[in-house]
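Got the model open and want a quick tour? Here's a short briefing to read alongside it.

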Amino acid sequence: MHSAVHKPMLATVLGQRQATPPMWIMRQAGRYLPEYRQTRTQAKDFLELCYTPELAVEVTMQPLRRFDLDAAILFSDILVVPDALGQTVRFQVGEGPVLEALDEKGIDALEPSRAMGHLAPVLDTVRRLRAALPPEKTLIGFCGAPWTVATYMLGGRGSPDQWVARKFALEHPAAFDKLMDILVTTSIDYLAAQLEAGADVVQLFESWALNLDDTSFARNVMEPNRRIVEGLRQRIPNAPIIGFPRGAAGNLRRYAESTGVNVLGVDFATPLEFVRSSLPPDIAVQGNLDPLRLVVGGEAMESQARAILSAFSDRPHIFNLGHGIVPETPIAHVERLVDLVKSWEARA
Ligand code: CP3
C-alpha cells in the first residue's frame, strides 16, 4: 500500500485524475477466456478453484497477459463468505449458485468464529498475487456487500426481485439484523486481511442495490456499507474502498455521501449526465459501459465508450464496464476497447 511506484489505478482511487483513465474489467477472469476454461477443468468444482491458490493466481493473471489492464482482481467469489460461515453453497454448471436457504434457526447456526480460518487459502492467493504482479499494477480485493450476500443466503439462489430476502427482512427484523451484523463483522475482518496480505484497494459488490424503498435502502444497503467502511478504516487508516451499488439509481448520491467510499462504481443504466450533475465532483467514478456493447463491438461499442470517456474527463475516472463481462464476449472486442481507452487523452 505504501510503495513509491506510480500505480495509475490506485492514484485515481485516491482522487487524482489521469489524462488517460486507468481501466480494468469487472469479472475480467472468466469463461470468455479459453485459458480460464482450461484451468477450470483442473479443479473438481468452482469453489475448489477459489480455494486453490496456485489455480486462483493463474486465472487472476490470465487477463493481464492478454490485455494492458491497470489492475488485477483477486479471483474468488462473493459466496465464499457464506461457505466460510458454514452454510452449504454449491455452484451448479449452467444454474449458478445454489445455497441451502437460511431461516431464523439457520442464522443462529452460522459460525462466524470459523470464517477467517476457512478463508486462509484466499489470503494466501492475495500474498502470492502481490509477489507475482508488476508493481505498477493495482491489486483489487473484494467481498460482497452484506445485503447482496444475504439475498443469496436467504433466497438460496439469485432472483430477479430478491423477494425472499426482502420479505424476510420485513417479517423477521431481529433475525435479519443479526445476519447483517455477522456479515458486517466478517466482511471487515476479511477485507482488512486482504489489505494486510497485499491488496491495494477493495471493492464492495452490492449487486442488488435495487428494488428497495427509501427506508429499506438505508437499512439494507447504506448502513451496512457505511459500517464496513468505518470499521475497516479503524483497522487500516485511509483504506481505499470502491463501492458498487448496482441499480442504486436515484440513491447513488446518498450512498456516496453516507458510506464515505473513495470510488463510486456506476452501472450502465445510470445516465452520464446524472453522474456529472448529481455526484460530488471530487469523488472518483468507475464505469460504465454496457457489457452487451462489448459483445457486439464496432460502433455500438466505440461510440458509447467515447461518450463515457468524455463525460467523465473532468474528474477522477476508472474506465470499466457497468456490470461483469459475459462469456459470449469476443476477445478481439476487448482488445479493441483497451486500445481505444489507452489511446484516449483528455484535454484538461
Ligand atoms: O474476475 C473477477 O472479477 C474476479 C472474480 C469474481 C467472480 N465472481 C468469479 C466467478 C468476482 C468479483 C465475482 C463476484 C460475484 N459473484 C458477484 C458480484 C458481481 C456481479 O456480477 O453482480 C455475484 C453476484 C457473484 C455470485 C455468482 N458467482 C453468480 C451469480 C455466479 C453464476 C453466474 C455466472 O456468471 O456464472 C457465480 C459464478 C462465478 N463467479 C463464475 C466466475 C468466473 C463462473 C463460474 C464458472 O466458471 O463456472
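What follows covers helices, the ligand's surroundings, some backbone angles and a record entry.

This is a predicted model, so to speak of a local feature takes a pLDDT of at least 70, side-chain atom pairs count only at pLDDT 80 or more, and totals for chains, interfaces and linings use all residues. Residues are numbered from 1 along each chain as its sequence is written. Helices (H or I, at least four residues) and strands (E, at least two) are DSSP runs, numbered from the N terminus.

**Helices**
- Helix α11 covers residues 173-196, and its 24 residues should span 34 Å at 1.5 Å a residue, which agrees with end C-alpha atoms 34 Å apart. (The expected span is 1.5 Å times one less than the number of residues.)
- Helix α9 (residues 146-155) packs against helix α10 (residues 163-171) at about 95°, with axes 8 Å apart. Axes are lines fitted to C-alpha atoms over the stretch in contact, and angles run from 0 to 180 degrees between N-to-C directions.
- That makes α9 and α10 roughly perpendicular (65 to 115 degrees; under 35 is roughly parallel, over 145 roughly antiparallel, and the rest oblique).
- On the α9 side, the contact uses Ala150, Thr151, Leu154 and Gly155, while α10 brings Val164, Ala165 and Phe168. (Contact means C-beta atoms, placed from the backbone, within 7 Å.)
- These contact residues split into five nonpolar, two polar and no charged. Ala, Val, Leu, Ile, Met, Phe, Trp, Tyr, Cys and Pro count as nonpolar, Asp, Glu, Lys and Arg as charged, and the others, Gly among them, as polar.

**Around the ligand**
- The ligand is surrounded by 22 residues, and the closest are Ala29, Gly30, Gly96, Phe205 and Ser207. (To be near, a residue needs its C-beta atom, placed from the backbone, within 6 Å.)
- By class, this shell holds 11 nonpolar, seven polar and four charged residues.

**Backbone angles**
- Most residues other than glycine have a negative phi, and most peptide bonds are trans.
- Asparagine 211 has a positive phi near 65°, and sits in the loop between β5 (201-206) and α12 (214-235).
- The bond from glycine 287 to asparagine 288 is cis, with omega near -10°; asparagine 288 lies in strand β8 (residues 284-289).

How values were computed. Two residues are in contact if their C-beta atoms, placed from the backbone, lie within 7 Å.
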